[in-house]
Amino acid sequence: MSTHFVRPDVQALLDMLNAQPGPKMHELSATEARGMMTVMGAMAEGELGDLAVVRDLSIPGPAGAIPARLYDARENRGAGPAMVFYHGGGFVIGDLDIYGPYCAEVSRQLDMPVISIDYRLAPEHRFPAAAVDCEAATRWIAGSPAELGLEVTGLVTSGDSAGGNLTIVTTMALRDNPAAVPVLVQHPIYPVVTDSDDWQSMRDFADGFLLTKDSMDYFHAAYAADANDYRGAPIKFSQEGMPPSLVTTASLDPLRDQGLAYVEALKAAGVPVQHRSADGNIHGHITLRKGIPSSKEDVAGNLTALKAMLAEVMADA
């Protein structure tokens, strides 16, 4: 049996989590699973920190108002790009609060407003509800409405896990039917690009590395995505014409290999792409920075690469 490099701080968190008694996430109701993620975030994620603006928004969507939250390191900001962030959680769990510290850090490091989208969750709202909300919210932001209070000149789309899927499929939607301003760069983080579990990484890390195969099966069943729809399995559809992309994976993640396959799909389509691997780290690490202190370096490295990629795109515009 092959052994995999695990960072000491990752191993310490895994040892603690794997020793916890009680039911696993896939054995819980959606409401209970959401509560478990909230507790995990409070325990393992960092603080919000200083930020000039943290403001709730209500975005008109096709099924009603979509809650969102604006993070900005500056009180007053001129025209420029903005990040639209779609949180992870298997389309079932996750919320604005859990991802607040990460979004605040992005705004500080990129010196850019970040708008986090609180899309509808499964199983109450199955596929394609999340994708529909994210596309609608992103188009609204692109239009620089008065309620946003920003003049947006371009978009950076980003999200992790299920939010990585939503990053890709929203970017695909805006590629095919452009919004008021373009997507300049996309940054999917350990994304879900298919419901297939036939990956070596899924076999290697099926249990014991936070995200499990059982949890993925639970999420897939709740969201019930259509694999014949680009929003359900974006890797099956052309990536030609996508913007420059920064894709992050983690070496101990069941989703690692599908993220790597997505990198290859972008390359095959002629899309400029950079790949960053968090070696020795697990799925979910961008919101585990207190529990896994070395994850701060992963996040900082990602954002440094993203900032350089964005600067290059804007210089060429």
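## A hairpin to start from

Let's begin at a simple turn: strands β1 and β2 are connected by a hairpin of two residues. The model shown here is a predicted one. The two strands run antiparallel and share nine bridges, and one of the facing pairs is G61 with G64 of β2.

Y71 sits opposite V114 of β4, while R69 has S116 of β4 as its bridge partner.

## The whole sheet

These strands belong to an open sheet of eight, ordered β1-β2-β4-β3-β5-β6-β7-β8, and the pairing is mixed. At its edges are β1 (53–61) and β8 (273–278), each of which pairs on one side only. On average, and ignoring direction, neighbouring strands in the sheet are turned by 20° against each other.

Helix α8, residues 256–268, touches β6 (183–189), β7 (245–250) and β8, and its direction makes about 160° with that of β7. Helix α9, residues 295–316, touches β3 (80–86), β5 (152–160), β6, β7 and β8; here the angle of about 160° is with the direction of β6.

## Helix α4

Helix α4 covers residues 129–142. With 14 residues at 1.5 Å each, α4 should span 20 Å, and the 20 Å between its end C-alpha atoms agrees with that. Is α4 largely enclosed, or is it open? Eleven of its 14 residues are buried, so the rest of the structure largely encloses α4. Among the buried residues are D133, C134, T138, W140 and I141, along with several alanines such as A129 and A142.

## Cysteines without a partner

A disulfide is a covalent bond between the sulfur atoms of two cysteines. How many disulfides does a search of the whole structure find? The search finds zero. Take C103 as an example: its closest cysteine sulfur is the one in C134, 12 Å away, which is too far for a bond. Looking from C134, the closest cysteine sulfur is that of C103, also at 12 Å and too far for a bond.

Both residues are hidden from the surface. C103 is buried at a relative accessible area of 0%, and C134 is likewise buried, with 0% relative accessibility.

## Backbone details to check

Most residues other than glycine have a negative phi, and most peptide bonds are trans.

S144, which follows α4, has a positive phi near 50°. S161, in the loop between β5 and α5 (162–176), has a phi near 65°. L210 is not a glycine either, yet its phi is positive at about 75°; L210 is found in the loop between α6 (200–204) and α7 (213–223).

Is S161 buried or exposed? At 6% relative accessibility, S161 counts as buried. L210, by contrast, is partly exposed, with a relative accessible area of 31%.

Note on methods:
Residues numbered from 1 in each chain as written. Predicted model: local features only at pLDDT ≥ 70, side-chain atom pairs only at ≥ 80, totals over all residues. Heavy atoms only, no water. Pairing = 2+ DSSP bridges. Helix = DSSP H or I, 4+ residues; strand = E, 2+ residues; numbered from the N terminus. Axes fitted to C-alpha atoms, helices over the stretch in contact; angles between N-to-C directions. Contact = heavy atoms within 4.5 Å. Disulfide = S-S within 2.5 Å. Buried < 20%, exposed > 50% of the residue type's maximum accessible area, 1.4 Å probe, protein only. Expected span 1.5 Å × (residues − 1).
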